[in-house]
Amino acid sequence: MDIEKLRKSLLENSDPDGPCIEDDLMQAAATALSTLQAENEKLRDELKAVREEAQQFAGR
């Protein structure tokens with residue numbers, strides 16, 4: 001399942017005003033997925049930059 005679809009599903013199926021612990025857990029899981037997704041994108045960008053730098057260095 002796509003991470004974004006999972007995150008949306010968690011948010012849609014939870015009630016932020018509900019007293020249910022499962023709702024709190026779904027909200028927390030959706031937030032964690034968003035955080036991990038952003039961190040993953042950042043790391044991918046850093047890896048790309050390192051690979052490009054390594055290619056330039058190897059070409060010298």
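What share of the 60 residues of the protein counts as buried? Keep that in mind as you open the model, which is a predicted one. The answer is 12%.

**Start with the whole chain.** Switch to a cartoon view and look for the secondary structure: you'll find two helices and zero strands.

**Next, select residues 21-58.** This stretch is helix α2, and the rest of the tour keeps coming back to it.

**Pick Leu 25.** You're in helix α2 here. Is this leucine buried or exposed? Leu 25 has 55% relative accessibility, so it counts as exposed, the cut-off for that word being over 50%.

**Move on to Gln 27.** This residue also sits in helix α2. Its relative accessible area is 23%, so Gln 27 is partly exposed; buried would need a value under 20%.

**Now go to Glu 41.** You're still in helix α2. Glu 41 comes out at 51% relative accessibility, which means it counts as exposed.

**Finish with the charges.** Which residues form a negative surface patch with Glu 41? Select Glu 39, Asp 45 and Glu 46 as well, and you have the patch complete. Show the side chains of these four, Glu 39, Glu 41, Asp 45 and Glu 46, and colour the surface by charge to see the negative patch they make.

Notes. Residues numbered from 1 in each chain as written. Predicted model: local features only at pLDDT ≥ 70, side-chain atom pairs only at ≥ 80, totals over all residues. Heavy atoms only, no water. Patch = residues over 30% accessible without salt bridge, like charges linked within 9 Å, V, L, I, M, F, W, Y side chains within 5 Å. Areas by Shrake-Rupley, 256 points an atom, 1.4 Å probe, with all protein chains shown as cover. Lys, Arg positive; Asp, Glu negative; His and termini not counted. Charge placed at Lys NZ, Arg CZ, Asp CG, Glu CD. Helix = DSSP H or I, 4+ residues; strand = E, 2+ residues; numbered from the N terminus. Buried < 20%, exposed > 50% of the residue type's maximum accessible area, 1.4 Å probe, protein only.
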